[in-house]
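Me: I'm new to reading protein structures. Could you walk me through this one, feature by feature?

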Amino acid sequence: MTRETRAGGAWLMAAAAALGLIVSIVQFYRRGSGVDHTAGALLVIISTALLLAAALVLASVRGGGWWRTLLVALSILGLLGTGAAAWFLHAWILLALMVLALVGWLILSLSPASTARGPHARSAT
């Protein structure tokens, strides 16, 4: 997998998080949804917004390092937590979107950090 594949996984995660944010906002404000104006629904809005921000950073910034590892690790925690909350809140569309974001996370995390060789790279001789 290439760097473009890794960025594609991050963009998939960002798209699913953006749609999840919209779904969670609608659920929060829609009367009769069962979760309207609840603390749990508000927490899901916050978690999907943070997941979206992390995915956008991972998709936009090249390179790696400890910050990338931290964002990838926090992203899976956010995905799992939001997915569990969607399950508990009976928000099946949001749960499906978190599964889609998980696919993006898997593409992102299983792709190598860099396959390109720069001008200062050492050769293996």
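Me: Which residues line the largest cavity?

Reply: Let's begin with the general idea. On a 1 Å grid over the protein atoms alone, a cavity is a set of points where a 1.4 Å probe fits but cannot get out, and lining residues have an atom within 4 Å of a point. Here, the largest cavity is lined by Val23, Ser24, Gln27, Val35, Ala41, Val44, Leu89, Ala91 and Leu94. Before we go on, please note that this is a predicted model, in which local features need pLDDT of at least 70 and side-chain atom pairs count only at pLDDT 80 or more, while totals for chains, interfaces and linings use all residues. Residues are numbered from 1 along each chain as its sequence is written, and side-chain values use heavy atoms, with hydrogens and water left out.

Me: How many cavities of 30 Å³ or more does the structure hold, and how much space lies in the largest cavity?

Reply: A volume is the space filled by probe spheres set on the grid points, which are joined across faces, edges and corners. The structure has 1 cavity of 30 Å³ or more, and the largest cavity holds about 70 Å³ of space.

Me: What helices and strands does the protein chain have, and which helix gives the most to the cavity lining?

Reply: Helices (H or I, at least four residues) and strands (E, at least two) are DSSP runs, numbered from the N terminus. This protein chain has 4 helices and 0 strands, in the order α-α-α-α from the N terminus on. Helix H1 (3-29) and helix H2 (39-60) each supply at least two residues of the lining of the largest cavity. H1 gives the most, with 3 residues.

Me: Is Thr48 buried or exposed?

Reply: Buried means under 20% relative accessible area, exposed over 50%, and partly exposed in between (1.4 Å probe, protein chains only). Thr48, a residue of helix H2, is buried because its relative accessibility is 0%. Across the protein chain, 34% of the 125 residues count as buried.

Me: What is Thr48 in contact with, leaving aside its neighbours within four places in sequence?

Reply: Contact means heavy atoms within 4.5 Å. With those neighbours set aside, Thr48 is in contact with Ala17, Gly20, Leu21, Ser24, Thr82, Leu94 and Met98. For the protein chain as a whole, take the contacts between residues at least 6 apart in sequence: 71% of them join residues at least 24 apart.

Me: Which residues form a nonpolar patch on the surface?

Reply: Patches are made of residues with over 30% relative accessible area and no salt bridge; like charges are joined within 9 Å, and nonpolar side chains (Val, Leu, Ile, Met, Phe, Trp, Tyr) within 5 Å. Accessible areas come from the Shrake-Rupley method with a 1.4 Å probe, and for residues only the protein chains shown count as cover. The patch here consists of Trp66, Leu70, Leu74 and Leu77, with about 480 Å² of accessible area together. Leu74 belongs to helix H3 (residues 66-88) and is partly exposed, because its relative accessible area is 46%. Leu77, in helix H3 as well, counts as exposed at 57%.

Me: How many salt bridges does a search of the whole structure find?

Reply: A salt bridge is a side-chain nitrogen of Lys or Arg within 4 Å of a carboxyl oxygen of Asp or Glu. The search finds 1: the side chains of Asp36 and Arg31 meet at 3.5 Å, N to O. Arg31 is exposed, because its relative accessible area is 64%.

Note on methods: 1 Å grid on protein atoms, 1.4 Å probe; cavity = no way out; pocket = protein on both sides within 12 Å on 5 of 7 lines; lining within 4 Å.
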